[in-house]
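Please keep the sequence and the model in view while reading.

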Amino acid sequence: MSENNYSYEYEPVAAEPAAPAVNPAGKILGIIGMVLGITSICMCWGYFCGFACAVPGIILSVMSKKKGEGKFSKIGLLLSIIGTVLGFVSIVVYAVVIAIASGAF
């Protein structure tokens, strides 16, 4: 019998970098803020209904951003601000329509 002259030398494999730690509470707050922002845009023409969703959406998005979650909190903050602006526009439109209907102009 002959001897095997094979060498089985293995090079160490570098460990994969760990995934960045995601705070689940921050991610959930960001998702809820985003959903409230979407809802505030959809309900902006209801009398103060847009504000009822936009203000908590802004608060939750800012809280999420402080906890480190970026993507959902940025989208939620943007959508909530858009819902707030559209809510103000709807209030102005209602005021103008009421003033015209009452004969103030």
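Helices here are DSSP runs of H or I with at least four residues, strands are runs of E with at least two, and both are numbered from the N terminus. On that basis the protein chain has three helices and zero strands, and its elements follow the order α-α-α from the N terminus on. The model is a predicted one, in which local features need pLDDT of at least 70 and side-chain atom pairs count only at pLDDT 80 or more, while totals for chains, interfaces and linings use all residues. Residues are numbered from 1 along each chain as its sequence is written, and side-chain values use heavy atoms, with hydrogens and water left out.

**The chain as a whole**

- Of the 105 residues in the protein chain, 27% count as buried, where buried means under 20% relative accessible area, exposed means over 50%, and partly exposed lies in between (1.4 Å probe, protein chains only).
- Contact means heavy atoms within 4.5 Å, and among the contacts in the protein chain with a separation of 6 or more, 72% join residues 24 or more positions apart.

**Helix α1 against helix α2**

- Two packed helices are described by the angle between their axes and by the distance between the axes; the axes are lines fitted to C-alpha atoms, for helices over the stretch in contact, and the angles run from 0 to 180 degrees between N-to-C directions.
- Helix α1 (residues 24-42) and helix α2 (residues 49-66) have axes that come within 8 Å and cross at roughly 155°, and α1 and α2 are therefore roughly antiparallel to each other.
- Angles over 145 degrees count as roughly antiparallel, those under 35 as roughly parallel, those from 65 to 115 as roughly perpendicular, and the rest as oblique.
- The crossing of α1 and α2 is left-handed, a term that applies if the near helix is turned anticlockwise from the far one by less than a right angle, whereas clockwise gives right-handed.
- On the α1 side the contact is made by G26, L29, G30, I32, G33, L36, T39 and S40, and on the α2 side by G50, C53, A54, P56, G57, L60, S61, M63 and S64.
- By class, this contact of α1 with α2 has eight nonpolar, nine polar and no charged residues, with Ala, Val, Leu, Ile, Met, Phe, Trp, Tyr, Cys and Pro counted as nonpolar, Asp, Glu, Lys and Arg as charged, and the others, Gly among them, as polar.

**Helix α1 against helix α3**

- Helix α3 (residues 71-101) packs with α1 at an angle of about 25°, their axes being 7 Å apart, and α1 and α3 are therefore roughly parallel to each other.
- The residues of the contact of α1 with α3 divide into nine nonpolar, eight polar and one charged.

**Helix α2 against helix α3**

- The axes of α2 and α3 are 8 Å apart, and the two helices pack at an angle of about 155°; α2 and α3 are therefore roughly antiparallel to each other.
- α2 passes α3 in a left-handed crossing, and the contact of α2 with α3 divides into eight nonpolar, nine polar and two charged residues.

**Individual residues**

- S40 is found in helix α1 and is buried, with a relative accessible area of 0%; leaving aside its neighbours within four places in sequence, S40 is in contact with G50, C53, A54, L79, S80 and G83.
- F48 has its place in the loop between α1 and α2 and counts as partly exposed at 43% relative accessibility, while the C-alpha atoms of F48 and G87, 39 residues apart along the chain, are separated by 6.9 Å.
- G70 has its place in the loop between α2 and α3 and is partly exposed, with a relative accessible area of 27%, while the C-alpha atoms of G70 and K27, 43 residues apart along the chain, are separated by 8.4 Å.

**Cysteines**

- The structure holds zero disulfides, a disulfide being a pair of cysteine sulfur atoms within 2.5 Å.
- C42 is in no disulfide, and the nearest cysteine sulfur, that of C44, is 8.3 Å away.
- C42 counts as exposed at 62% relative accessibility, whereas C44 counts as buried at 3%.
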